[in-house]
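This report considers ligand surroundings and a chain interface. Please consult the sequence and structure shown here before reading on.

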Amino acid sequence: MPAKPVVKRLPARKGLFAGFKGNVDAITIGLKYLVDPKRFTLIYPNEYIKLDPGYRGFIVLDPKKCIHCSSCARICPAAAMRMIKRMEEDPKTGKPKMKLWPVINYQRCIFCGYCVDVCPTEALYTVPYHDIVYENMAEMDWSLETFVKPPEHPTAKEGIPVKYIVDEEKGLVKVRAEEVEEK
Amino acid sequence: MSVWVYGEQKSELGLEGTITRKLEEDLYEVFIGPQHPGSGHMRIIIRIDGDIIVEADPDMGYVHRTMEKLSEGREWIKNVPLFERMAIHDACNVTVSYVMALERILGIEPPPRAKYLRTLLCEINRIAAHLYGFGIFGVFIGHSTMYMWSFADREVMVELAEKLTGARLTHSYPIPGGARRDMPQDFPQAARKAVRYFRRRLDEYRKIFLDNPVTRKRLEGVGIIPKKIAAELGVVGPVARASGIKYDARLAEPYDAYDEVEFEVPVYEEGDALARAWVKFEEIKQSLRIIEQAVDWLEKHPREAPIHERFWAKAPPLWKKVFEAEGRVKLLPLMANLKLPPGRAMARSETARGEIVYYVESDGKTTPYRVRIVSPSARNAIVFKYIAPGYKVMDLPTIYGSIDYFPPEADR
Ligand code: SF4
Ligand code: SF4
């Protein structure tokens, strides 16, 4: 069944007390939320959101899985991922051999997740956090050594993990992460 | 006497408004913007006679990013995140038609599951964008409660979008042949809760904003666009529908799952700012209906990879394993250098602000030969020039807010 256009009319505002009723309605609603406010402010960094595992956060490389295929660098729309050359010892022959490794530049990354989805061996994975602060731009251009381990997540050390869940009555509510996970 | 609009009398154009006379010497020129007069960067140069706008000149282009040209240097799929940046809070709606154009050139049709998933995200985006519009509109006319409320409630939709795609805003969700993720297991429950919440909440919106006599006084009879003029100016989206034009891209050329779901396209005939607000308000209700239907459909049907056979049939076992475990559709490495056959295609979709049209031409390479975008805000900006004259200066925010003009999308 496709859509159908429906012509509607604006609600009429007639009668002596129409304006009065409208004002009373508006003020009543306003007062209701003055008495019982619906707040879900995150007290960051005392609290932080524990994001779902599917969240597209920072990307990390698992060097054991990488097959040096460059697919991630080719699909990157922001040119954040690039391949670097490394001389490495071949485990079989013991001779030095040139290898390509991906590195990521977080100055450019837009977190589209294409690289994670395209990697043929799932060598790239995302961590569910993104609130990492850098002191300067250069630090955001990761080296291979930084890229192979998950970045430190300082807020997780101090803050309380919370989650936002959709609620029928209040829209969003903030709850302790443990409470959600228990369910 | 009547208002002069670039040498023509406004009454001759059939437009209504406050009557004023032309006073060359006593006109003041006021520059509104470009330091963020509203939801973005643009300037409106108005000439006023006392308190009445005599001439208005929208000066656009402050956030022009040469998007059409940039796209020519990027592989097909890389343009999805690029075009998304026209309206990041309406990401799926603005990119789905680009992806559809690519699918037309490739001669493939996404599977039904992908269509429903895209439709689902499109409607989530539409509600979020309308709430964003309401928030900006509210703060324009000094109703900061509306701003706070709709930005807080928008968060519900953003949360749903994050559950579905893994990103709050720029989802990069549609790809040629399908969609990038299936919904997680806990999504239907959350979506239904959100729908029920909004149904109740919208009634409160009506009471505090739309039916509030203070707001109504400021919106009613302001920025009237008669039906004939709306057609001549070529406005689209809620602006056109508030003037009695029964036009919606989802109606004219149903795409994705829109020919299977049941919904109404609300049309009002008054053509003023109030009618435009009501169109958006009613559209949110319809979007909620579509979300419900899409979630029901997705739950009933087996979980299959929402992508065309061409990109899935030959996929290695790992692809299927990841999809079963996480619902994530992995891309084949060929996606990066996808070659489209020579050809041209057009596609349109209905974004929150109106119809967006893509014309895509391929000459058989891995990058587009030409992509032409006609975005809804670019078409609606003309309203400032022809409709604003005749109203008071304080009505300009009302007109701006009611057409929900969004510079980054208009300038591209
Ligand atoms: S997430 Fe996107 S932008 Fe970032 S490195 Fe991966 S492909 Fe590039
Ligand atoms: S796509 Fe995966 S396997 Fe290939 S180079 Fe990148 S990380 Fe390594």
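How do the residues of the shell around ligand 1 divide into nonpolar, polar and charged? In this predicted model, the shell of ligand 1 consists of 12 nonpolar residues and one polar residue, with no charged residue. In total, 13 residues surround ligand 1. The closest of them are A:Cys76, A:Cys109, A:Cys112, A:Gly113 and A:Cys115. Ligand 1 takes up the space of the largest cavity.

Ligand 2, in turn, is located in the second largest cavity. There are 14 residues around ligand 2, and those that come nearest are A:Cys66, A:Ile67, A:Cys69, A:Cys72 and A:Cys119. The shell of ligand 2 contains 10 nonpolar and four polar residues, and again no charged ones.

The composition of the two shells is set out below.

The interface between the chains is described next. Contact involves 72 residues of chain B and 52 residues of chain A. The size of an interface is often expressed as the accessible area lost when the parts come together. For chain B and chain A, the buried area is about 5300 Å², with 55% of it on carbon and sulfur atoms. Between these two chains, 27 residue pairs are in polar contact, both residues being at pLDDT 80 or more. Eight salt bridges are found across the interface of chain B and chain A. A salt bridge also joins the side chains of B:Arg180 and A:Asp117, at 2.9 Å from N to O.

How values were computed:
Residues are numbered from 1 along each chain as its sequence is written. Chains are lettered from A and ligands numbered from 1 in the order in which they are written. This is a predicted model: local features need pLDDT of at least 70, side-chain atom pairs count only at pLDDT 80 or more; totals for chains, interfaces and linings use all residues. Side-chain values use heavy atoms; hydrogens and water are left out. A residue is near a molecule or strand if one of its heavy atoms lies within 4 Å of it. On a 1 Å grid over the protein atoms alone, a cavity is a set of points where a 1.4 Å probe fits but cannot get out, and a pocket is an open set with protein on both sides within 12 Å along at least five of seven lines; lining residues have an atom within 4 Å of a point. A molecule sits in a cavity or pocket if more than half of its atoms lie within 2 Å of its grid points. Ala, Val, Leu, Ile, Met, Phe, Trp, Tyr, Cys and Pro count as nonpolar, Asp, Glu, Lys and Arg as charged, and the others, Gly among them, as polar. Contact means heavy atoms within 4.5 Å. Buried area is the accessible area (1.4 Å probe) that two parts lose on being put together, summed over both. A salt bridge is a side-chain nitrogen of Lys or Arg within 4 Å of a carboxyl oxygen of Asp or Glu. A polar contact is a pair of N or O atoms within 3.5 Å; within protein, one must be able to donate a hydrogen and the other to accept it, and residues adjacent in sequence count only if both atoms are side-chain atoms.
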